[in-house]
Structures are given as C-alpha cells and as structure tokens.
There are 2 protein chains.
Amino acid sequence: MSRGDGERPSAAVLVTGNEILLGLTQDRNSGYLAREFDRLGFSLRRVLTVSDAQDEIVRGLRELVSVDLVVTSGGLGPTHDDRTIAAVAEVADVPLELHEPTLAAINDRTAGFARQRGIPVSSFEAGNRKQSLVPRGAYVLAPVGTAPGVVVALDGGALCAVLPGPPWELERMWHDLAREPRFSRLVERAGALDRQILRVYGTSESAVANAFAESGGDEGGTVTSICARRLEIEVLVRAEPAHRAALDALVAGLRERLGERIYATDDRPLEAYVLEAVGARGWTLAAAESCTAGLVASRIAAIPGASAVLVGGVVSYANEVKRDLLGVSEAVLAAHGAVSAEAAAAMAQGVRRATGADVGVSVTGIAGPEGGSEEKPVGTVFFHLSTPELEHGHHVVMPGGRGDVRDWAATTALHLVRMHVAAPA
Amino acid sequence: MSRGDGERPSAAVLVTGNEILLGLTQDRNSGYLAREFDRLGFSLRRVLTVSDAQDEIVRGLRELVSVDLVVTSGGLGPTHDDRTIAAVAEVADVPLELHEPTLAAINDRTAGFARQRGIPVSSFEAGNRKQSLVPRGAYVLAPVGTAPGVVVALDGGALCAVLPGPPWELERMWHDLAREPRFSRLVERAGALDRQILRVYGTSESAVANAFAESGGDEGGTVTSICARRLEIEVLVRAEPAHRAALDALVAGLRERLGERIYATDDRPLEAYVLEAVGARGWTLAAAESCTAGLVASRIAAIPGASAVLVGGVVSYANEVKRDLLGVSEAVLAAHGAVSAEAAAAMAQGVRRATGADVGVSVTGIAGPEGGSEEKPVGTVFFHLSTPELEHGHHVVMPGGRGDVRDWAATTALHLVRMHVAAPA
C-alpha cells in the first residue's frame, strides 16, 4: 500500500454506492479496472467499497492516498446522493467550480433526451448544474453519459481519476483518460509485465495444478494464478521482463503436458473462437435451443461481425415448436422424450434444414428446479452437433441451480462446436 | 465505521484473493452478504478486497475492527497462499491450534474423494493438517467443502467470522453461523429495518429525484437510495420501525407523483412480471429476435416455470431466416430494410404464426459497432408487440456499445410485453 519508487506504480479502486452495500447492484467496474491495471503493469493493491455518504468517501480516499493512482467509480449523478466529486474536492483541498463547457454539453444532451421522451427540459436544470461542478484545477474528462469525469491530485500525493458508475460510461472514459499527462506518465513508468495466458478445456483444476508443479512451478521467478471458471481452467503466468526465460520455460512445460486441451492463449471470448472455427470452414451456423432458450445464439451474437457466420436459430421451448419448426417427429418425442439424444439429433438436423445453415448445434435438458426424474435428474442435458462432415452427440449431468445448468450447458455447446468443426488435420 | 451502541450493528466484509485483484474472477460473495446484512438489519459499512499476502490481510482486518462484525471470504484452502486463518489469529492475538474433530472430518472426506479418483490419500495429508489449524478459543464451523470456518473476537473488539471463498460453501456456512451465540446476539440486537422498494420504468432518474424531493425527501428520518439500472430506476426507502410513518408518507408521495410508472414493489425480476402479465391473460408468448439473438427468450426462460407461458422463438439474424421462418416478405425487406418498423411488425406477427403463440414480440436493430448509417445510426432498434388485442410498434436510438444496446433492447422488449398485455381496465 505504498508508492513504489522505481517499482511498478500502485493503484487502488474506490467504489461508492449504497446500492452496492445493500446488495441491490453488483459492482462490475472494479473487475474491468483490475484487468486494465494488470494489462498496463500497475499493481492493484485494494478495492474498497463505501456508501454514498460524503464522510465515508472522504475517509476511504484518505486511506488510499499512499498509492500512485486512485480510481473512483460512481456517485457522479444528478441526485442528492451523488457526492463523489464533493468528497474528492475535500480531499484535494480545493473548492468546486462550475465548468461551463461541461454544462453546455450536458444541457445539449438532456435537451435531446427530453424532446425524445416528451419530458420538460426544466426538470434537468438543477441536476445538470450539479453535474458541471468540478474541483478547481481538475483535468475534465468530457461526459460519456451526462456526467463528466475529473482527474485531480489528492492532498497526500495520489493522482485520483473520478469516473462514472455505469460500466459503459466508465469504460469509454477510461480510454479517454490515456490523454491526461499525469496518468500517461504513470502508464509509461509501469511498462507492461510479460504475461501469458493459457486457457484449458476438458480437464480438472488439479490436473492443471499438477502440470504446473511438474513444469517447475514459479521457481524461476514467475507469478502464476490458476483459476477455474465457466468450465475452463485459466492459467495466467506473469513475470518481470528480466524473468522472461523462466516464463517461456514454464509455458513450454504446460503446453507439453496439456497439449490441445489448451484452446486459447489470449483472452478473446470463447464465442470468438466458435465463429472463427466455423468461418474458417466457410460454413454458417444455427442453434436449436430448448433449456438454454437462446443463450447459445445470443452469446455468439455478442461478438461484432457475428452475422458473417451466425444465421440464427430456433428456441424450441414447447414440443410443438420442436415439431413444427424443427421437424422433430412425434415418434421421437413419444419414444425418447424431448430431453434425449434422439431429440437433440433431430433438433440439430432440423435447424440446419429450417435455416439453411451448414452447422446446427442443439441443446435440450432439464434445468430445474422441477422436471427431473430418477432416470433423468435435474441437470441432465443432451447436445448434438450436425455438420456437413459429422454427427456428434454428447450428454452430461451438470450440478448446480437452474442458472448454472443453463450457463454451463450453453458453454458446453459452444465448446462442442469449436472442437468439432475444425478441418481434419 | 463504528460500533453503534444502541444502534444497528455494523458490519464489514473483507474479501481476499489475488485472482480478484488481477480481474480473473469476480467476487460474488460480497453481494450475497450485502443482501443478507440488509435483510437482518445490519449496517454494512465497507467491502474491502485485498491480496493473499498475510500482511495485507492483517492490515485490512485492523482497519475494520471498529465495526461489530467482520466477515472474511476466501483464503482457507490447503495451499501456501491461503493465509486468512493465520492473519486472523495474528489480529486476534492468539496462537493456532490443531482442531482434532475437524482433522478427522476432513480426512474422512478426502479419503472418499481419493478413492473415487484413484489419488493416493497421502497427497492430502499436509493440506488437511493445515486446514485443521484454528485460532485458540475459536468457534469452529464444520467444513462444507474441506475447509472449516471459524468465529473469533479480534483484538479491537469486532467479532470476525471467517468463511470460505467458493460461493456455495460460503452460503451454506453463513446459515450455520446462525447457531453461534455471539453472532446470534448481534442478529437479535439488529432486528429488521422497515423497507419499501419502488421500481420505476419510463422516466428519468432526475424526474424520480424531483418526485422524491417534492415528497419531502428523507426529512422524516428515512434513508433512501435512488439507483438507475437496466433502464429502470430503483428507489429503496428504509427506516427504523420508529420512523414507519415517515416511510409510509414518503412512499405515498412517490406513488402519487410517479403513478403507474411504478411497476414493481418487490425485487422479483422483470421477467417474472412478464410471465405473470401474459399468463394472467391465459396467453402464451414467443419472441422473434434479430440483434438480441435470443436474449429476450433466454432471460424469460431463466424464471422457473417459464414453460407454462413461453413456447419459444426464432432468432432471425439472417434475412433468409426472417423470410423463411417468420414470413417477412422480400417486399418489406427491400422497401424498408431489416431494421424497420415494417420488418419488426412482420417478425412479431410471423413468430405468432410460426409457433402458435398468442403474443409475439420482436426486436430488430443495429447493435454496432458496424452497420450504422446516417438515417439509422448504431443503436437504432425497432420493436413490435402483436397480441390478439393490439399491434404496437416502438422505436428508439440507444447509446452505448454493442453489449449495452443488446441488453437494453432486450429489457425494452420485456417492458413492452409487460405494459401492453394487461387487460383493459
């Protein structure tokens, strides 16, 4: 918790918001900022969440002033309980001043919004004025929504970047921050760490931990974290540039032991790998989804440019939809049920036929909490992949609640496509 | 940040884990604990996340000892970088001791696991012993996984409950904590707060803030937070039972001013309201989705029992799917484009026809980053609701990145259904 002179710059995140301390909202910004700090080579020391009360924000800031950079998130809105700017001014020991260009920009934006929604412009006046107050001498980041960000030196030495709470506003403004001279000097001082990410699918966390130990572990000066999430094991190896050789040796050892279970060496989303694999064959893709009900298609569509490969899909929650849109026969449904290998195969083949896609993937299962049986307990999910080259069925029983089963089922379907559409070697 | 003598007990959460500060994992426990504290009537003052380093955990604990209860999450595993118990013992100023019943329980559990996986039992010995060390005098919570929890008084006065990091282990052990006498005395002292939630759709945060001010604000002793998320404004009013009348008066004032824009007075998900509204008419529902690509259907399907109302839907990413599965005519696509009021109407009507659902809702838009034009910029989204009683089109231009536009578009579609399927008064 100190400024590292000659070391990597240190950082802290201060999240404000009663709604977070009440459990009404989940903070997403600290995770985003943590990844950014790691990418830039900052050492993130703490994340502290406090209420909207000005004295709590002031106290929190004062406890964090020994780092190089404090980033705050939230409390910039137009209402009485948005007090971050006032608290920062207090800790920076400067008064608040009206920033005219910001007021003009916000007025302009809310006028458009008011027109569109038929709300009187006057209802925004007080809020806009409040949001245009900034600490004297602060560097002002133009509003992304209707709140400006500010950068100001705190009494105690830390540079403080005050960013808005809504994630898309914070992320956009974080990029604008790069132009601020004091921040960019810290980024320059940081330099990036050497880092290598290995993402592993199809084995256990202990197997990965064993491969890590057998490869010599962190003996050579690397810092490795191994972390299971969404059915994959993520290995992140980091090292100061002086320990580059140790990093390379460890990564080589892991590659040798884990082989093609390592499916990615960057942090691009799984869905991007799916699109790439299908696109590389010149094929198109469609999904037939029962228990996931659109999760597979919507996750793929989250990737920009997905439309080059994804043609669409059918959410076949009801058996009538399986029959009418996907051509799953009454005979299959009667003999094996909607949650069966046979139904999954008919769904995947049916969605190819219905949409004209080259590749069809299907998911049908029992997400719970109701609907399980002795033979097919809650968590039973059948998958099928149908391509111009193969028919491949898969079947698992997954633990967890309804949300987990659906999320894991969608993830499993995506991996199925990724693994099995690749051209034969 | 003090013990409230005669007031509600105060609490703090200390989350440990390098993987969180590196942005590899998102902490879910603090949100769970926040909701529990609010339910029990504790005042949660802070959530602090620190690394796995023992001195950082010790420093964090020392900063939090002025509250009544500190709950820690994580760092109880068998490996060298699990140091929470040692740090807590240091701050409690007591030595660590082997807890024999815990060792027996863990040995038993790992023996079974080792047998099942064919791993030598001996490989667990050191880890099991480490996990059975507890601060002298601590109350021991039996392991849910392989780590016990402990409850111990810190030097400085706070009671400290040390819980494991995996969410399902933490949640189970949190319930076991109710049996610990010092904790249950705090719970008794807390009593529950009176609280009322109002969820508002179709107006701005400023307008809600104005309604709050006009209703007298928190003058009567209430504590209100106003929070915008996912296109709705959430107002949470809380009060000590002594201020119940002020709470009721404020809520009445807000109801009078915001009227039917208040759509919910509990924290059930929007999707549950959609199912309820459609189900109350005895109708079924299907979605035709382009840019949201299954988000609307999958969010509805997240609610247990959705299958009574949701029959399914079509993800019509490609124009051919709009035409072949939804019957959107080439003429409409040629004259108005796939992102148009006309296409949206044809999609909603088409998905009713294709699936037999009584109600069809459609979404078609430009999520970006590519595909925008002067006439239809990125963020342009058309919606249509088709029911046995009405045809209703809607059109907005949304700010934000691809993910935000898609999420907000799905949310808007859900609200459209919720608002317009209600029976005429």
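## Basis of the description

This is a predicted model, in which local features need pLDDT of at least 70 and side-chain atom pairs count only at pLDDT 80 or more, while totals for chains, interfaces and linings use all residues. Residues are numbered from 1 along each chain as its sequence is written, chains are lettered from A and ligands numbered from 1 in the order in which they are written, and side-chain values use heavy atoms, with hydrogens and water left out.

## A sheet in chain A

Chain A contains an open sheet of 4 strands in the order 10-11-9-12, with antiparallel pairing. Strands here are DSSP runs of E with at least two residues, helices are runs of H or I with at least four residues, and both are numbered from the N terminus; two strands pair if DSSP finds at least two bridges between them. The edges of the sheet are strand 10 (223-229) and strand 12 (262-264) of chain A, each of which pairs on one side only. On average, neighbouring strands of this sheet are turned by 30 degrees against each other, direction ignored, where axes are lines fitted to C-alpha atoms, for helices over the stretch in contact, and angles run from 0 to 180 degrees between N-to-C directions.

Within the sheet, strand 9 (residues 194-201) and strand 11 (residues 232-239) of chain A pair in the antiparallel sense over 8 bridges, and Leu198(A) has Val235(A) in strand 11 as its bridge partner. Helix 9 (residues 205-214) of chain A packs on the sheet and touches strand 9, strand 10 and strand 11 of chain A, contact meaning heavy atoms within 4.5 Å.

## Where chain A meets chain B

The contact takes 73 residues from chain A and 76 residues from chain B. Across this interface the rule finds 2 salt bridges, a salt bridge being a side-chain nitrogen of Lys or Arg within 4 Å of a carboxyl oxygen of Asp or Glu. Glu63(A) forms a salt bridge with Arg46(B), with the closest N and O atoms 2.8 Å apart.

Strand 14 (residues 310-316) of chain A also pairs with strand 14 (residues 310-316) of chain B, in the antiparallel sense and over 5 bridges; here the bridge partner of Gly313(A) is Val315(B).

## A hairpin in chain B

In chain B, strand 16 (residues 380-386) and strand 17 (residues 391-397) run antiparallel and are joined by 7 bridges, with Val397(B) as the bridge partner of Thr380(B). A hairpin of 4 residues joins strand 16 of chain B to strand 17 of chain B.
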